[in-house]
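Hi there,

Here is the structure I promised to pass on. My notes on it follow just below, so please keep it open while you read.

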Amino acid sequence: VNPASERPRREHALAVLILPIVMLALVFAGVIALDQTAPTRVPAPEMVVESLPAPVLGGEPTRCLRGTSDDRVPQVRGQIVEGSRVTSALVNACPAAFEDLELTYVGEVVGHFLERDGGGWVQVNDDDYALRSGPLPTHDAFAGTNSYLAVWLPAEFAVELTGFGSANRRGDVVELVGTVVRTDPADGGGLTFRARDMRILAPSVAFTRPIHVPQAIAAAVLSAVAITVGLGLRRSRRRAR
Amino acid sequence: MFIRPGRTDLRIIGYYLSKVVIGLAIVQAIPAVVAVVAGEWNDFSALVLGTSLCLTIGFVGEWRLATRQPLTWAHGAVTVALAWLLGAFLLAVPLHLSGHFSSMLDAVFDTMSGLTATGLTLLQDLDHLSYSMNTFRHLLHFAGGQGIVIVVLSLFAAGGARIGTLYISEGRDDRILPNFIRTARFIYTVAAVYGLFGTAALTVALVGTGIPLVDALHHGSNIFFAAFDTGGFNTNSSSIAYYHSAAVEGVVSVLMIAGTLSFGLHYQLWRGQRRELFRHIETRSLAVTLAGLSILGMFGLARSGAYTDTGGLFRKGFFTFLSAQTNTGFVVTSGTLYVTDWGTLAPAAIVGAMGLGGMASSTAGGIKAIRVGITFKALVADVRRLLLPESALVVATYHSQRRRILRDDLVRGAMTILLLYVVTYLLGAMVGLFYGQWDVTETLFESVSAASNAGLSVGVAAPDMPIVLEVVYMIQMWLGRLEFVAVFAFIGYGVSLVRGRS
């Protein structure tokens, strides 16, 4: 094989490999650029839940690793003051330490109220979207995934709820007083927070996302291109027949 | 020495890829309709943009690369490997524009996870995600779980023999009917029937939990896609735990089991051959490993004191082991609890269950019950050979639709893939350990989850994870779904393009 004659073919092969990568890079660059044409949105001050008491243990989760040699349940439990505010991150990191203690939990009610025996289940999120910045569709301040506790709420409080968090609504932000149940028999052994008192700190509000005009225009233009190319393809097939 | 692929080879691959890309447009067009109904206009424009982009690329490709040349095995393998990669990239466009991903790479991670029916997610604030984007995410499970390439090409291409190479390359080795197109249509018929009854049963169960009918239908159809395709995405952050309902967990369990049965076995059952369910090597292997690991895990849960009553052991423990073994990834507790509250034995059982996985030619991932069964039978045969006189002839058999002889090449193939999975699990765990943020339990858990396409998580796969680890998990998901061979063929093709001889 003549190495000199191999070179152009190799270059052609490299071009074949590089071409789709360049095309994808251009698509991605276009999408990112399009995304950036949307006006920057900052979290609205009214979404921030003010003057919350500091969480117990300084809010720093200590993982207990129960059932191992590094089990820290007694240590953590010894530091918890009953009645203080707890977060879902703290409870999930060491559920046994919080078992059967009466505590306060603050968060946004999301989803649905699932009625059961004189009360019902609700999911209450206490992540940044719930307490600090508001739902992600209202701003661009990414703060990770949702964190939550399953809460059992007596029916008398359920009727006070004005709305649940969803795609176009921020749910009520509530302060709950109740007990952490590590293996709740009413939930098939789930980790729950059984509330006995509730106070609405911020009522539910609906929100809308302004229409992203450049994105709508890009979609319309690209649709026209796709239709044109599709028609062209159809015509060329007919001619070929 | 490799032979460099010629223009014709690249043209064939490009042509079939173009057809797949047109199919990807349909996956985005369906949720666009949901967006119109729900009045979600930004998501509508994002989905239309994604649809149009795929249509344009697909149409241009079809126009310029049209060919009647047949697909060879190499073409099929490369087309499949590329289609899944390209699919993950192109379908990430509307997801990124949803505003719930902090980077384009995170969106690609989710589409790869969705298509490979893994279920790991980097999406942020899921509880405020729109109806249409939720539908889109779950449709990714459906498209990928059923086998996107084979389905698209069975719709758009003629000639069953041509697409047979794609069928095998996409991780399916069970030709149910003589014709591949009829096989693909049978797969979709099974899915449609389960979809109808599964969604109806889930909707009824969800209405029973207190969810309004329209939302129940939305949740029900999405949970069906994720359960039957053993995916694991959900419409809310607490997954199946959200519903606090034994009825929902029961229906989901049935769908997860249905999803993990091979389509070949579904075909036998449809033909009324129920005995096959009890005689098939995969059913037996799956039942034994699931029972063994569940008992081990539940013993671990009881010993650590995590759950001491049967309610907790079954509704939280067994459901999780079932979710792990079927590679679905639905959860009924927070993933953090596996590390902090479940002791050591139960998480190990989950890792084992995820690693072994469901049946071959199903929507499940992992090593697969057939390979576990064959490896076990081969080991037993070897031990018998050692114990019997040298003149004795030991013939091992197994049942898969009929009695078959366990041949050496079959054993070698099963063991090679088994070994590749184990190596992939360990490599992913080692990359995670490199960062020093997690211990080996966590990195092994997450690595096995990604490579087996299970989707259970102890929190390593999160939006703030290191980029290299994110890419490693994406590669693991891709390798795991295609069972290595197609990806290796693709790499070999790439090398021969550059270094091969004409």
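A:Pro55 counts as partly exposed because its relative accessibility is 22%; buried means under 20% relative accessible area, exposed over 50%, and partly exposed in between, with a 1.4 Å probe and protein chains only. You will find A:Pro55 in the loop between helix 1 (3–36) and helix 2 (73–79) of chain A. Helices (H or I, at least four residues) and strands (E, at least two) are DSSP runs, numbered from the N terminus. Leaving aside neighbours within four places in sequence, A:Pro55 is in contact with A:Arg85, A:Thr87 and A:Leu90, where contact means heavy atoms within 4.5 Å. From A:Pro55 to A:Asn92 is 37 residues in sequence and 14 Å in space, C-alpha to C-alpha.

Before going on, a word on the source. This is a predicted model, in which local features need pLDDT of at least 70 and side-chain atom pairs count only at pLDDT 80 or more, while totals for chains, interfaces and linings use all residues. Residues are numbered from 1 along each chain as its sequence is written, chains are lettered from A and ligands numbered from 1 in the order in which they are written, and side-chain values use heavy atoms, with hydrogens and water left out.

Now the core. In soluble globular proteins, nonpolar side chains tend to be buried together. A nonpolar core here is a set of buried Ala, Val, Leu, Ile, Met, Phe, Trp, Tyr and Cys residues joined through side-chain atoms within 4.5 Å. The largest one has 169 residues, and A:Phe98, A:Leu153, A:Leu176 and B:Val252 touch the most other members. Helix 3 (residues 73–97) of chain B gives the most to this core, with 14 residues. Apart from it lies another core, of twelve residues, including B:Ala360, B:Ile374, B:Val394 and B:Tyr398.

Next, helix 18 of chain B. Its 27 residues (408–434) should span 39 Å at 1.5 Å a residue, and the end C-alpha atoms are 39 Å apart, which agrees; the expected span is 1.5 Å times one less than the number of residues. Among the buried residues of this helix are B:Val411, B:Ile417, B:Tyr421 and B:Tyr425. The buried residues of helix 18 pack against helix 16 (345–356), helix 17 (369–387), helix 19 (440–451), helix 20 (467–482) and helix 21 (485–499) of chain B. After helix 18 comes B:Gly436, with a positive phi near 70°.

B:Tyr425 also touches B:Ser452, a residue in the loop between helix 19 and helix 20 of chain B. B:Ser452 counts as buried because its relative accessibility is 0%. B:Ser452 and B:Gly357 are 95 residues apart in sequence, yet 6.9 Å apart in space, C-alpha to C-alpha.

Two other loop residues in chain B have a positive phi without being glycine. B:Asp125, at about 55°, lies between helix 4 (104–115) and helix 5 (131–146), and B:Asp125 is buried, with a relative accessible area of 0%. B:Thr230, at about 40°, sits between helix 9 (213–228) and helix 10 (246–260); B:Thr230 is buried too, with a relative accessible area of 0%.

On a 1 Å grid over the protein atoms alone, a cavity is a set of points where a 1.4 Å probe fits but cannot get out, and a pocket is an open set with protein on both sides within 12 Å along at least five of seven lines; lining residues have an atom within 4 Å of a point. Grid points are joined across faces, edges and corners, and a volume is the space filled by probe spheres set on the points.

Of its 17 lining residues, the closest to the centre are A:Tyr148, A:Ala150, A:Leu191, B:Ala241 and B:Ser334. Strand 4 of chain A gives the largest share of that lining, three residues.

The second largest pocket has about 1,400 Å³ of space. Helix 1 of chain A gives the most to its lining, with eleven residues.

Best wishes
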